[in-house]
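Here is my notebook from a first look around this structure. Come along and follow the entries with the model open beside you.

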Amino acid sequence: MEFYNYIKSLHLIFVITWFAGLFYIVRLFVYQIEANDKPSPEKEILQKQYKIMTYRLWYIITWPSAILAVIFAIWLLLLMPAWLQMPWMHVKLGFVVLLIAYQIKCHLIFKELQNDVVNYSSNFMRLWNEGATIILFSVVFLVILKNAFNWIYGVIGIILFSVLIMLGFKFYKRIREKK
């Protein structure tokens, strides 16, 4: 059973670094998009630096963490196949698929920005960043409660929290625009 705990620990470590990468990459997208509005030469200097930073974060931390988290998750499921019979695990795996889709969309945005194509506003990116947060909260509540239905209360709470964040964001945006 100790072997199982090592695999579980490695899974959790890579889930944490995966989410850290996802949270930070979208924040870098915000900065990269905002750098596009700066005058030359500041614009070019910032864009070059953000491209380097996002490239390193994406390929050295985020993608490897995602792959290793999934590998260790599969290993855990092979060690504990009974989990696949539990309804909460089905819901969790649904959120994992959603997280992978989120990462793929982030990858598409990353590639666009690396090619100087800006299709989204920095405001959109700030809201997009909340997607990973909602998935994280949902999965944590689900795994801790181990109930396919009670996690909904936690998700409702995070959605309400997200609404408060968006209202705070709009308030902050108004303050910034006045300056």
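**Entry: after α3.** I began just after helix α3, where Asp 116 takes a positive phi of about 60°. Asp 116 is not a glycine, and I found it in the loop between α3 and α4. Most residues other than glycine have a negative phi, and most peptide bonds are trans. My helices are DSSP runs of H or I with at least four residues, strands are runs of E with at least two, and both are numbered from the N terminus.

**Entry: ground rules.** I am reading a predicted model, where local features need pLDDT of at least 70, side-chain atom pairs count only at pLDDT 80 or more, and totals for chains, interfaces and linings use all residues. Residues are numbered from 1 along each chain as its sequence is written, and side-chain values use heavy atoms, with hydrogens and water left out.

**Entry: a partner for Asp 116.** I looked next at its side chain, which meets that of Lys 51 in a salt bridge (2.7 Å, N to O). Lys 51 lies in helix α2 (residues 42-79) and Asp 116 in the loop between α3 and α4, so this pair ties together parts 65 residues apart in sequence. I call it a salt bridge when a side-chain nitrogen of Lys or Arg is within 4 Å of a carboxyl oxygen of Asp or Glu. By this rule I count two salt bridges.

**Entry: the other bridge.** I found Glu 34 and Arg 126 joined through their side chains at 2.9 Å, N to O. Glu 34 sits in helix α1 and Arg 126 in helix α4, 92 residues apart. Is each one buried or exposed? Arg 126 is buried, at 12% relative accessible area, while Glu 34 is partly exposed at 22%. Here buried means under 20% relative accessible area, exposed means over 50%, and partly exposed is in between (1.4 Å probe, protein chains only). Leaving aside neighbours within four places in sequence, I listed the contacts of Arg 126 as Arg 27, Val 30, Glu 34, Phe 169 and Arg 176. Contact means heavy atoms within 4.5 Å.

**Entry: α1 against α4.** I then checked how the two helices lie. The axes of α1 (residues 2-35) and α4 (residues 122-145) come within 9 Å and cross at roughly 175°. They are therefore roughly antiparallel to each other, a label for angles over 145 degrees. The axes are lines fitted to C-alpha atoms over the stretch in contact, with angles from 0 to 180 degrees between N-to-C directions. Residues making the contact include Phe 19, Phe 23 and Glu 34 of α1, and Met 125, Arg 126 and Trp 128 of α4.

**Entry: a cis bond.** I spotted a cis peptide bond from Ser 40 to Pro 41, with omega near 0°. Pro 41 is in the loop between α1 and α2.

**Entry: the whole chain.** I end with the overall picture: five helices and zero strands. The C-alpha trace spans about 60 × 35 × 25 Å along its principal axes. Buried residues make up 33% of the 179 residues. Among contacts between residues at least 6 apart in sequence, 78% join residues at least 24 apart.

Note on methods:
Parallel < 35°, antiparallel > 145°, perpendicular 65-115°, else oblique.
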